[in-house]
Amino acid sequence: MKPHSEPLDSKQEPEAKLSPRTWCTRCGGQRLGTITDQYSLDVGFGAPLIVQVEVRGCEDCRRAIHAGAARKAAEMAALRLVAFSGNVNGGTLRFLRRTIGLQSKELASLLRLGPGTISRWENGVRKLDVNVWVVVACLALELADGDDSPRTSRILEAIRAGEAPLQSIVVRE
Ligand SMILES: [Zn+2]
């Protein structure tokens, strides 16, 4: 094995990498604090939903330090609002589906529907099945809560798999 003839790492700034940023990368300003980031989201309510997120950002140019995380927080808050709104229509279905990163053909496959059914519902061409909307809202809430294995999709996948039921189980108290 070849001996090390030079240091593996010549850079010696580990502390600089770990310290939180204290300036704005857009304007160079140093007045960082709590700012209000505002998002206008099309959630299917007819008019855009305005979501304000309080985040750490630049007080000079109003830019959030972690803009991606702020937008994500806005979307997750809107998702919870929409799921519990009871506002069943194609637009809210589309918002819920897109926010959890599900393609319409994937959702159709999970629900054992024809490939074009979801888009016909979302576009208002056909009347939406309320029960499907409830299933999608449950799925969205579970994913928003960080559930790695959402029970709603587990149930849907079990139905799709169509396996024979178990004959016995063991329960320990
Ligand atoms: Zn700035």
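This is a predicted model: local features need pLDDT of at least 70, side-chain atom pairs count only at pLDDT 80 or more; totals for chains, interfaces and linings use all residues.
**Helix packing and two loop residues**

Arg62 sits in the loop between strand S2, residues 49-58, and helix H2, and its phi is near 65°, a positive value in a residue other than glycine.

You will find Arg112 in the loop between helix H4, residues 104-110, and helix H5, residues 117-122. Is Arg112 buried or exposed? Arg112 counts as exposed, because 9 other C-beta atoms lie within 10 Å, and the cut-off for that class is 12 or fewer.

Let me step back to the protein as a whole. The protein has seven helices and two strands, and if you read along the sequence they follow the pattern α-β-β-α-α-α-α-α-α. Of its 173 residues, 18% count as buried. If we take the contacts between residues at least 6 apart in sequence, 57% of them join residues at least 24 apart.

Now to the helices, where I will stay with H2, residues 67-83, and two of its partners. Two packed helices are described by the angle between their axes and the distance between the axes. For H2 and helix H6, residues 130-144, the angle is about 150° and the axes are 10 Å apart, and the crossing of these two helices is left-handed. Which residues of H2 and H6 meet there? From H2 they are Met76, Leu79, Arg80 and Ala83, and from H6 they are Ala137, Ala140, Leu141 and Ala144. Sorted by class, this contact has seven nonpolar residues, one charged residue and no polar ones.

The other partner is helix H3, residues 90-99, which packs against H2 at an angle of about 140°, with the axes 10 Å apart. That angle makes H2 oblique to H3, because only values over 145 degrees would count as roughly antiparallel. Here, too, H2 passes H3 in a left-handed crossing. On the H2 side the contact involves Glu75, Leu79, Val82 and Ala83, which meet Thr92, Phe95, Leu96 and Thr99 of H3, and by class that gives five nonpolar, two polar and one charged residues.

To close, please look at Leu79 and Ala83 of H2, which are listed in the contact with H6 and again in the contact with H3.

Methods: Residues are numbered from 1 along each chain as its sequence is written. Axes are lines fitted to C-alpha atoms, for helices over the stretch in contact, and angles run from 0 to 180 degrees between N-to-C directions. Helices (H or I, at least four residues) and strands (E, at least two) are DSSP runs, numbered from the N terminus. A crossing is left-handed if the near helix is turned anticlockwise from the far one by less than a right angle, and right-handed if clockwise. Two residues are in contact if their C-beta atoms, placed from the backbone, lie within 7 Å. Ala, Val, Leu, Ile, Met, Phe, Trp, Tyr, Cys and Pro count as nonpolar, Asp, Glu, Lys and Arg as charged, and the others, Gly among them, as polar. Angles under 35 degrees count as roughly parallel, over 145 as roughly antiparallel, 65 to 115 as roughly perpendicular and the rest as oblique. A residue is buried if 20 or more other C-beta atoms lie within 10 Å of its own, exposed if 12 or fewer, and partly exposed in between; C-beta atoms are placed from the backbone.
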